[in-house]
Amino acid sequence: MNLEALLNRVNKQQKRKVAIAQAADEGVLEAVQHALEHELAEFRLVGNQEKIEQIAAKLSFQLNRKELNIHHVPDEKETASVAVKLVANGEADVVMKGNIDTKTVLKAVLHKEYGIRSKNVLSHVAVFEIPDREELMMLTDSGMNIAPTLEEKVQILNNSVRVAKAIGIEEPKVAPIAAVEVVNPAMQATLDAAALTQMQRRGQIKGCEVDGPLAFDNAYSQVAATQKGIESNVAGKADILLAPTIEVANALYKSFVYCANAKVAGIISGANAPIVLTSRADSAESKLYSLALALLTSERY
């Protein structure tokens, strides 16, 4: 499977709606343009209408179409609350960050009165298409939780499993990674990994198979797992890498992109709706794949 396949999995008969906070951005509107070409969704563009129209004209993007609706909101910070309210009120299914600070969007998402926070923690789930690898690889959490506790790791794991199922991996294999593949009482990551493994085997974690601790090489490579004599259904065949800290996940994320030339899609999972938090540095292609990932995940809510 590759990320392009996600575009074909989106339900185009019952199109979902995406609310974009501060849509007056060339990269964002370009992604919307591509999404409409693939008939992926309908869009609620929240922001300064005049600026949105100016950028659209530059892109030769026709805004007078039934799949688009502009919500004129001149105040930049207010665009986040309006976009989130659209989702909270059932007028949209996905929140997407436009040309606005991530913290402003998350503040609106977590707002006590109109936010869309659930009881679960929010976590970033990335899906990579890595050259010379047949299957997609997932990684969590490279963007939200700095040093998650065991309880938080359970929720982060569940968030990623939901996304995995949304893209067609019905029984994902999860590898909680550490520096070594044995339990070491001096290394909390190995203790948490062993606990997660046992929790899954006893039915406390469902819908996936968990085995750890596993070092990255053993989780990623069947050859490495075989060389070390590791007998596991997950080793070398992991669908999801569950990192122990944000530093580990962030380093792996950037290594995949910059060293392995991987393509990537990513969303925030754990709220009452998926959240697309792409950055200005992300390509239009990456934004499109992230949109598709969010739309597929929203079908699981």
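**Entry 1: strand β6**

I began with strand β6, residues 137–140, and found both of its faces covered. Met137 and Leu139 are buried on one side, and Met138 and Thr140 are buried on the other. Buried means under 20% relative accessible area, exposed means over 50%, and partly exposed lies in between (1.4 Å probe, protein chains only). Strands here are DSSP runs of E with at least two residues, and helices are runs of H or I with at least four, numbered from the N terminus.

I noted that this is a predicted model, where local features need pLDDT of at least 70, side-chain atom pairs count only at pLDDT 80 or more, and totals for chains, interfaces and linings use all residues. Residues are numbered from 1 along each chain as its sequence is written, and side-chain values use heavy atoms, with hydrogens and water left out.

**Entry 2: neighbours of β6**

I looked up the pairing next; two strands pair if DSSP finds at least two bridges between them. Strand β5 (residues 123–129) runs antiparallel to β6, with three bridges joining them. Valine 127 has methionine 138 of β6 as its bridge partner. Strand β10 (residues 240–242) runs parallel to β6, again with three bridges. There, leucine 241 of β10 stands opposite leucine 139.

I found aspartate 75 in the loop between β3 (68–72) and α4 (76–88). Aspartate 75 is partly exposed, at 45% relative accessible area. Glutamate 135 sits in the loop between β5 and β6. Glutamate 135 is also partly exposed, at 44%.

**Entry 3: salt bridges**

I searched the whole structure and got ten salt bridges. A salt bridge is a side-chain nitrogen of Lys or Arg within 4 Å of a carboxyl oxygen of Asp or Glu.

Arginine 44 meets glutamate 42 at 3.7 Å, N to O. Arginine 44 is buried at 14%, and glutamate 42 is partly exposed at 22%.

Aspartate 192 meets lysine 153 at 2.9 Å, N to O. Aspartate 192 lies in helix α7 (residues 188–201) and lysine 153 in helix α6 (residues 150–166), so this pair ties together parts 39 residues apart in sequence. Both residues are buried.

Which residue does the side chain of aspartate 217 meet in a salt bridge? I found lysine 228, at 3.6 Å, N to O. Aspartate 217 lies in helix α8 (residues 216–220) and lysine 228 in the loop between α9 (222–227) and β10, so the pair ties together parts eleven residues apart in sequence. Salt bridges with shared partners join Glu181, Asp217 and Lys228 into one network.
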